[in-house]
Amino acid sequence: MTHDSYNNFWLSSLAERLAPRPRLEGRVEADVVIVGAGFTGLWTAYYLKTLAPSLDIAVLEAERVGHGASGRNGGWVIGNLAGLERHLGTLPLEARRACCRLLADNVDALGDVLAREGIAADFHKGGAVYAAARYRDQIAIQRDYLHHLHELGHDEDACQWLDADQLSEKVRFREAYGGIFHRHVATVNPAKLVHGLAETLERLGVTIHEHSRAIAIDHHTVTTAHGMIEAPMTVCANEGYAQRFHDFRKHVIPVQSMVIATEPLPDAVWQEIGMAGRPAFADASRIITYGHRSADGRLVFGARGTYRLGARPKHDQAITEAEIRMRHALLSDFFPILKEVKITHGWGGSLGLSRNFRPHAIVDRQAGIATAGGYAGEGVAGSHLFGRTLADLILERETEFTAKPWAYANASHRRIIKRWEPEPLRWLAALAITGSYGGRGVDEAGNAGTLDQACTDQDQRCLCFGDRVGKATTGPAPGCRFSRLPLPH
Ligand SMILES: Cc1cc2nc3c(=O)[nH]c(=O)nc-3n(C[C@H](O)[C@H](O)[C@H](O)COP(=O)(O)OP(=O)(O)OC[C@H]3O[C@@H](n4cnc5c(N)ncnc54)[C@H](O)[C@@H]3O)c2cc1C
């Protein structure tokens, strides 16, 4: 059962409901047209306009500003990139360190723009804790991850080990075995950020059209149902909502993630669970977790979901009671005092996963097409960096941003990003990647489980993992490694 009364907390926290911006009508010309008003599109427009104020820039959004992941995410602003090792693997240590410094500085740079432009988006840099919490065997996972971060080029000051006591000073989990503290992570209210950025752009002279879905991009012309824009450069900024034109959806697929928010928690609860410095937190669960204390004293907590056969992005925000229950159970397993608190909001959306985890900023000058994405769930800061990079690439500036290994000055995305396999192989590959995360999780019914026993549910629509602690969800099917993943039907 889906529950429409659960909605997106970030959107509900906006001061006012803005009237829709006018849709594109008729035939117009621009220097750059940007398809998609999420962070990637808007940051690209911001840096283009501030670097070259005379540029005529138009943004087309299929729905409303922030309709995609940018208005729905968990609010982590991470000084890292998922899949970074794919780009840095062969570089010498000093070059890897320079990339990691840039990623760390990117968090402050984003905060600086918000301060400069007066965008009040609850930006708070409290770092992040990647904890070994709930299970002792998470210690080894997090130790390995810390080693990996240092090998990548993050220094000891940026990412350091916390023993159990040090961890409890930051966040008091039910079980605190230790963890990593990553200094260069902030949190933000993403809806305030995306809407504040759109308003800033309009002040700078950028035109934004809502309810203007691009239905074709051809010969430097973007067509919508009611108009068309001719421009020498088109930026496709659709990430998890990638379209079929130019095969984008074959290269970046949508993966669902879902978030819940509690009611504002009383001081007594905060005293028990800590987080005075408002760090973000995650553990080493098989299902990727992410949480933080919001500016108004709620716990906002998310866990990654699944890939849907046929690369269908999640357009609606609603999530099911079971999806909410599963996340509440996980959260309460971290902090048992939260078992009885009210979950006031629950919502979901799609993030973009490129084959081989390669986030990218690409300009194909010959085709007049630019794109960025594939952030694999780390796109809030990533889109700022990549939007800035795309602007430099489009303006043919040679900067420290365009020199980074994820920036491609003159290439086609078809050559740079591997294609996902056709269905159903793509679906199976996505399952294999999700399944390879390893560790323990919680099923949709809220049972803490392990991966040693698995089964299909009653109506054969999902695979579920069994539960060593209590009952298996239904009859076991040994050998299956995946948890609660939808089967094709
Ligand atoms: C639930 C959830 C939690 C997440 N949590 C985090 C987090 O805590 N930290 C983090 O770093 N990242 C997180 N992410 C990922 C992050 O939000 C995204 O990577 C980032 O917002 C992508 O921004 P974008 O602008 O590239 O894409 P989007 O924000 O998805 O924007 C794409 C836009 O394109 C529009 N569009 C699509 N097709 C067309 C068309 N044909 N014509 C016109 N417009 C079109 C869509 O309507 C949409 O508005 C999360 C994602 C989700 C879904």
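**Reading contacts, burial and a sheet**

Q: Leaving aside its neighbours within four places in sequence, which residues is Leu-42 in contact with?
A: Two residues are in contact if their C-beta atoms, placed from the backbone, lie within 7 Å. By that rule, and with neighbours within four places in sequence left aside, Leu-42 touches Ala-37, Val-194, Leu-197, Ala-198 and Leu-201. This is a predicted model, in which local features need pLDDT of at least 70 and side-chain atom pairs count only at pLDDT 80 or more, while totals for chains, interfaces and linings use all residues. Residues are numbered from 1 along each chain as its sequence is written.

Q: Is Ala-216 buried or exposed, and why?
A: A residue is buried if 20 or more other C-beta atoms lie within 10 Å of its own, exposed if 12 or fewer, and partly exposed in between. Ala-216 is exposed because it has 12 other C-beta atoms within 10 Å.

Q: Where is Ala-216, and in which strand?
A: Helices (H or I, at least four residues) and strands (E, at least two) are DSSP runs, numbered from the N terminus. Ala-216 lies in strand E10. Its contacts, apart from neighbours within four places in sequence, are Thr-223 and Phe-245. Thr-223, in E11, is also the bridge partner of Ala-216. Ala-216 and His-246 stand 30 residues apart in sequence, and their C-alpha atoms are 9.2 Å apart in space.

Q: What sheet do the four strands form?
A: Two strands pair if DSSP finds at least two bridges between them. Here the order is E1-E12-E11-E10, in an open sheet with mixed pairing. Strands E1 (26-29) and E10 (216-218) are the edges, each pairing on one side only. E10 and E11 (residues 221-223) run antiparallel, with three bridges.

Q: Which residues have the most contacts inside the largest nonpolar core?
A: A nonpolar core is a set of buried Ala, Val, Leu, Ile, Met, Phe, Trp, Tyr and Cys residues joined through C-beta atoms within 7 Å. The largest one has 133 residues, and Val-32, Val-33, Leu-42, Val-77, Ala-131 and Leu-390 have the most contacts inside it. Helix H11 gives the most to this core, with eight residues.

Q: How many residues of H11 are buried?
A: H11 is mostly covered, with 16 of its 16 residues buried. Just after H11, Glu-396 has a positive phi of about 55°.

Q: Which elements each supply at least two residues of the shell around the ligand?
A: They are helix H2 (39-51), strands E4 (76-78), E14 (252-262) and E18 (343-354), and helix H11 (379-394).
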